[in-house]
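Visitor: I'd like a close look at the aromatic rings and the nonpolar packing around them. Could you take me through that part with the cut-offs spelled out?

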Amino acid sequence: MNDCLFCKIIAGEIPSTKIYEDDSVFVFADIEPTAPVHWLAVPKTHIAKLSDVNESNSAVISHIYEVISKLAAEHEEFADGFRVVSNCGKTAGQSVFHIHFHILAGREFAWPAG
Ligand code: 5GP
Ligand code: ZN
């Protein structure tokens, strides 16, 4: 999508610190990390938010979880646990409308979420 920040990052038009990439998924470091590991996993196809996932586009979402599991196995910060979050819509605090999964590791995380 022309005006989407994360589509521009995926295309390399805006620089990012790439963690992982394959044909359908891109993972990069969050620009304002809130944990020792704070990455964002996104599908290369533009899906605005979690409530837009349906049976025609959900294959990439399950693939994102496979990628997260693989990355977790490869990085020691994930050994004791980690958190994956997708904020959907205004009240959840979504600020970039290209679906993304925050991957957080390297410290303890409170629950319930704030
Ligand atoms: P949301 O608030 O939508 O759940 O998460 C958006 C995330 O994108 C935030 O954690 C924010 O720090 C991150 N972010 C916003 N702009 C940029 C950017 O230009 N580059 C990177 N790497 N992350 C960004
Ligand atoms: Zn996009």
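Guide: Happy to! A residue is called buried under 20% relative accessible area, exposed over 50% and partly exposed in between, using a 1.4 Å probe and protein chains only. This is a predicted model, in which local features need pLDDT of at least 70 and side-chain atom pairs count only at pLDDT 80 or more, while totals for chains, interfaces and linings use all residues. Residues are numbered from 1 along each chain as its sequence is written, chains are lettered from A and ligands numbered from 1 in the order in which they are written, and side-chain values use heavy atoms, with hydrogens and water left out.

Now the rings. Those of Phe, Tyr and Trp (its six-membered ring) pair if their centres lie within 6.5 Å; planes under 30 degrees apart are stacked, over 60 edge-to-face and the rest tilted. That rule gives five aromatic pairs. One of them joins Phe26 and Phe28, tilted at 40° with 5.8 Å from centre to centre, and both of these residues are buried. Together with Phe6, Phe26 and Phe28 make up one aromatic cluster. Phe78 and Phe82 form an edge-to-face pair, because their planes stand at 65°, with the centres 5.3 Å apart. Phe78 is buried at 4% relative accessible area, whereas Phe82, at 37%, is partly exposed.

Phe78 also leads us to the core. A nonpolar core is a set of buried Ala, Val, Leu, Ile, Met, Phe, Trp, Tyr and Cys residues joined through side-chain atoms within 4.5 Å. The largest one has 19 residues, and Phe78 is among those with the most contacts inside it, as are Val27, Trp39, Ile64, Phe101 and Ile103. Two or more residues each come from β2 (25-29), β3 (37-43), α2 (59-74) and β5; such helices (H or I, at least four residues) and strands (E, at least two) are DSSP runs numbered from the N terminus. With seven residues, α2 gives the most to this core.

Another core, of ten residues, lies apart and includes Cys7, Ile9, Leu40 and Val42. Cys7 is buried, at 14% relative accessible area.
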